[in-house]
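Here is a short briefing on side-chain contacts. Please look over the sequence and the structure before reading on.

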Amino acid sequence: RVERMSASIVARLCAPALAPRRARLSKRRARPTLAPPVRAVVTAEDVAAQLSGEDLGKWESCRSILVGELGMDEDKADKTMIRAFGWGGQTYWRNEKVQEVPEVEDVEARIAYFLEIGIEQADLAEKVLGKVPEVLGCDVETRLKVNVAHIQKTCFMKPNTKNFRNYINRVPQVLGNNLDCAAQGLNCAGECNRCWARC
């Protein structure tokens with residue numbers, strides 16, 4: 001007569017045989033954890049070291065505009081321009097703009113356009129450029145006006161209205177968008193910070 005063994009006895013008897021196999025599997029599955037890459041932070045001093053003469057003068061003039069017209073301090077103005085003109089990481093620009101020297105006329109025209117469509121000065125400095133400084137590097141005709149027209153058409157909001165202003169303050173990236181994966185029937189292109197599908 002064969003007696004049945006309880007499940008706990010079977011588990012105890014098989015455990016030593018299974019233990020080495022489990023150890024081998026856990027070793028096989030264990031992979032080294034890689035530390036995230038460390039990105040060097042670009043400072044105003046780094047930019048100044050690479051610019052000279054006329055180019056350095058343009059940078060300083062554009063900084064003065066941000067300080068004088070928008071009330072930024074010099075440090076914040078420099079940080080805004082570093083990202084707006086591709087001197088820092090390329091998460092937004094993706095090498096479309098790399099270490100560009102800003103033109104005074106372009107910066108003045110973009111600020112004037114932001115104010116023209118109803119964004120208030122304080123909001124422009126804090127809520128728009130404070131969140132997405134890259135929009136300062138976007139061309140008025142080919143990017144900013146096109147996107148404002150898109151907002152009017154798809155969201156039924158006109159510039160210089162409270163709803164439009166609140167929308168821009170909440171989602172300032174819409175001013176710099178240049179891609180719409182959903183409307184074009186594309187798979188995600190991985191450029192979510194410039195895509196209408198995210199807005």
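How exposed is K76, in terms of relative accessible area? The model is predicted. In it, K76 is partly exposed, with a relative accessible area of 24%. The notes below cover salt bridges and aromatic pairs.

**The K76 salt bridge**

- The side chain of K76 meets that of E126 in a salt bridge, at 3.0 Å from N to O.
- This pair links distant parts of the chain, with K76 in helix α4 and E126 in helix α6 (residues 121–128), 50 residues apart.
- E126 counts as exposed, at 52% relative accessibility, whereas K76 is partly exposed.

**A salt-bridge network around K58**

- The structure holds 11 salt bridges.
- A network of salt bridges links E54, K58 and E103.
- One of the bridges joins the side chains of E54 and K58, at 3.9 Å from N to O.
- E54 and K58 both lie in helix α3, four residues apart, which is about one turn of the helix.
- K58 also meets E103 through a salt bridge, at 2.9 Å from N to O.
- E103 lies in the loop between α4 and α5 and K58 in helix α3, so this pair ties together parts that are 45 residues apart in sequence.
- E103 is partly exposed, at 30%, and E54 counts as exposed, at 63% relative accessibility.

**Aromatic pairs**

- The count comes to two aromatic pairs.
- W59 and W87 form an edge-to-face pair, at 5.9 Å centre to centre with 75 degrees between the planes.
- W59 lies in helix α3 (residues 53–70) and W87 in the loop between α4 (74–84) and α5 (104–116), so the pair ties together parts that are 28 residues apart in sequence.
- Both W59 and W87 are buried.
- Y92 and W93 have ring centres 4.8 Å apart and planes at 90 degrees, so this pair is edge-to-face.
- The cut-off behind that label is over 60 degrees between the planes.
- Both Y92 and W93 are buried.

**A charge over a ring**

- Which ring does the charged end of K97 sit over? The ring is that of W93, with the charged end 4.9 Å from its centre.
- W93 thus has two contacts to inspect: the edge-to-face pair with Y92 and the charged end of K97 over its ring.

Definitions and conventions: Residues numbered from 1 in each chain as written. Predicted model: local features only at pLDDT ≥ 70, side-chain atom pairs only at ≥ 80, totals over all residues. Heavy atoms only, no water. Phe/Tyr/Trp six-rings, centres within 6.5 Å; stacked < 30°, edge-to-face > 60°. Helix = DSSP H or I, 4+ residues; strand = E, 2+ residues; numbered from the N terminus. Buried < 20%, exposed > 50% of the residue type's maximum accessible area, 1.4 Å probe, protein only. Lys NZ or Arg CZ within 6 Å of the ring centre and 35° of its normal. Salt bridge = Lys/Arg side-chain N within 4 Å of Asp/Glu carboxyl O.
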